[in-house]
Amino acid sequence: MFSESLVAVSAQPAVELFVARSRGPAERTLLVIHGGPDWDHTYLREPLAELAGRHRVVLPDLRGCGRSTRGLPGDRYTPAEVTDDLVALLDALGTPQADVLGFSYGGLIAQRLALAAPERVRRLIVASSSVLPVPPDAFDGWREREERRAPEAAVWSDPELSGPELTRAAAVAGAGANVWRPEALPAYLDRLADVRFSAEWARSWRAGTLPTARHRDAARRLAALGVPLLLLHGRQDMIFPASLAEETAELMPAARAVVIEEAGHMAHVDQPRAWLDAVAGFLS
């Protein structure tokens with residue numbers, strides 16, 4: 001289904017991105033930006049693989065992630081550097097313009113890409129992420145969220161865990177918060193078992209030195225660009241509130257929100273058919 005290769009995107013420092021590509025017309029390329037950021041792209045392959053043939057689906061591992069270049073100095077893991085990598089990847093693939101789907105943290109990177117190189121982005125999907133900042137009181141009173149997120153918080157505070165072991169343990173502990181439907185949880189845990197976790201980005205994140213990926217005044221600037229925007233969200237997302245997707249769609253004439261019921265942060269796992277139908281409909 002996917003061919004896999006390393007693609008050079010930077011000479012100083014030398015960076016290669018591990019990239020999975022499906023068959024499909026180059027003029028209908030869908031660039032998919034994973035979240036984490038210390039995850040890889042594999043947890044997003046399904047159900048996006050069903051678009052192969054109609055679209056060329058391109059899923060890179062960001063620098064420091066998965067099978068892409070690791071071991072760079074901490075200050076070379078920044079949203080700006082990643083944005084440059086993705087522009088270079090489009091160049092290397094001979095793709096003047098692509099549709100872009102950014103998931104979670106990748107949704108913030110996708111917005112930066114659209115603002116930094118608007119001529120390269122045909123349509124933008126911000127999935128399980130947000131254009132607007134999350135208010136401090138966004139989840140006040142949601143007791144079930146507090147209970148579901150507590151196991152992951154305990155892992156991050158465990159002094160005996162570090163490196164990729166910590167990242168993996170946190171992802172597994174957070175599975176019950178990221179997937180809303182209990183019946184979807186076993187398959188999601190199987191999916192996590194195949195993710196090649198890293199901890200390259202976590203060093204600066206935990207030290208408080210990682211620059212924010214959120215672009216200042218993103219809503220106004222994206223609205224001015226007029227790029228077609230789909231805000232794709234699970235109603236029970238416990239990281240980015242679904243209400244922000246709906247609020248953003250009201251603010252931006254070129255945006256529309258699709259909020260999927262009975263779906264959490266990993267809405268593509270909870271409700272894969274509804275999620276894929278929203279993506280395919282937007283790209284048609």
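Begin by selecting Pro37, which is found in the loop between strand S3 (29-33) and helix H1 (45-48); helices (H or I, at least four residues) and strands (E, at least two) are DSSP runs, numbered from the N terminus. This is a predicted model, in which local features need pLDDT of at least 70 and side-chain atom pairs count only at pLDDT 80 or more, while totals for chains, interfaces and linings use all residues. Residues are numbered from 1 along each chain as its sequence is written, and side-chain values use heavy atoms, with hydrogens and water left out.

The bond that joins Gly36 and Pro37 is cis, with omega at about 5°.

Next, select Gln12 together with Pro13, where a cis peptide bond again joins the pair and omega is about -5°. Pro13 lies in the loop that runs between strand S1 (2-10) and strand S2 (15-22).

Now move to Ser104, in the loop between strand S5 (98-103) and helix H3 (105-116), where phi is near 55°, a positive value in a residue other than glycine. Ser104 is buried, with a relative accessible area of 12%; buried means under 20% relative accessible area, with exposed over 50% and partly exposed in between (1.4 Å probe, protein chains only).

Finish at Ser128, which you will find in the loop between strand S6 (121-127) and helix H4 (143-156). Its phi is near 50°, a positive value in a residue other than glycine, and Ser128 is buried as well, with a relative accessible area of 0%.
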